[in-house]
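Colleague: I have a model open and would like to go through it with you. Can we take it piece by piece?

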Amino acid sequence: IVKVVNLARTIDYLKSNNYWVVGTSLDTDLDYKDVDYSGNICLVIGNEGKGIGTLTAKKCDRIVSLPMCGKINSLNASVAAGVIMYEALRQRG
């Protein structure tokens, strides 16, 4: 887990060093389980209210969502991160 000053620049740096950048959003049909997390991955989690910014989303290689049931449309950011990190670890088996 890393906190950076300039996320766009950090994403560019990671991509130039063979990382795939996966962001999260409510506005996508790509299920988080349908992505290959076996390589070098950078996971970008937005906040519960606004999500990730437009520039950040454009720099991501994939934008995934966590399907929700019922009236709740999103999870707390730390919970969403935990779910996706668990899937990445599961795939790496």
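Colleague: Is Val-4 buried, partly exposed or exposed?

Modeller: This is a predicted model, and the values are computed from it. Val-4 sits in the segment before helix 1 (7-16). Buried means under 20% relative accessible area, and exposed means over 50%. Val-4 has 34% relative accessibility, so it counts as partly exposed.

Colleague: How much accessible area does the nonpolar patch with Val-4 have?

Modeller: The patch lies on the surface. Val-2, Val-4 and Leu-7 form it. Together their accessible area is about 250 Å².

Colleague: How many residues of each class line the largest pocket?

Modeller: Sort the lining by class. One residue is polar and one is charged. The nonpolar residues number 16.

Colleague: What is the volume of the second largest pocket, and which residues are closest to its centre?

Modeller: Start with the volume, which is about 370 Å³. The lining of this second largest pocket has 24 residues. The closest to the centre are Thr-24, Ser-25, Leu-26, Asn-47 and Gly-51.

Colleague: On to charges. How many salt bridges are there?

Modeller: Side chains of opposite charge can pair when their charged atoms come close. The cut-off here is a Lys or Arg side-chain nitrogen within 4 Å of a carboxyl oxygen of Asp or Glu. By this rule the count is three.

Colleague: Which parts does the salt bridge of Lys-59 and Asp-12 tie together?

Modeller: The two side chains meet at 2.8 Å, N to O. Lys-59 lies in helix 2 (residues 54-59) and Asp-12 in helix 1, so the pair ties together parts 47 residues apart in sequence. Those parts are helix 2 and helix 1.

Colleague: Is each of those two residues buried or partly exposed?

Modeller: The limit for buried is under 20% relative accessible area. Lys-59 has 19%, so Lys-59 counts as buried. Asp-12 has 38%, so Asp-12 is partly exposed.

Colleague: How far apart in sequence are the parts tied by Lys-15 and Asp-61?

Modeller: The side chains of Lys-15 and Asp-61 meet in a salt bridge at 3.3 Å, N to O. Lys-15 lies in helix 1, and Asp-61 in the loop between helix 2 and strand 3 (62-64). The pair therefore ties together parts that are 46 residues apart.

Colleague: What are the relative accessibilities of Lys-15 and Asp-61?

Modeller: Both fall under one label. Lys-15 is partly exposed, at 32%. Asp-61 counts as partly exposed too, at 24%.

Colleague: Where do Glu-87 and Arg-90 lie?

Modeller: Their side chains form a salt bridge at 2.8 Å, N to O. The two residues are three apart, about one turn of the helix. Both lie in helix 3.

Colleague: What is the phi of Asn-18?

Modeller: Asn-18 is in the loop between helix 1 and strand 1 (20-24). Asn-18 is exposed, with a relative accessible area of 61%. Although Asn-18 is not a glycine, its phi is positive, at about 65°.

Colleague: Last one. How far apart in space are Lys-58 and Arg-9?

Modeller: Lys-58 is in helix 2. Lys-58 is exposed, at 68% relative accessible area. Lys-58 and Arg-9 are 49 residues apart in sequence. In space, C-alpha to C-alpha, they are 13 Å apart.

Definitions and conventions
Residues numbered from 1 in each chain as written. Predicted model: local features only at pLDDT ≥ 70, side-chain atom pairs only at ≥ 80, totals over all residues. Heavy atoms only, no water. Patch = residues over 30% accessible without salt bridge, like charges linked within 9 Å, V, L, I, M, F, W, Y side chains within 5 Å. Areas by Shrake-Rupley, 256 points an atom, 1.4 Å probe, with all protein chains shown as cover. Helix = DSSP H or I, 4+ residues; strand = E, 2+ residues; numbered from the N terminus. Buried < 20%, exposed > 50% of the residue type's maximum accessible area, 1.4 Å probe, protein only. Nonpolar A, V, L, I, M, F, W, Y, C, P; charged D, E, K, R; others polar. 1 Å grid on protein atoms, 1.4 Å probe; cavity = no way out; pocket = protein on both sides within 12 Å on 5 of 7 lines; lining within 4 Å. Points joined across faces, edges and corners; volume = space filled by probe spheres on them.
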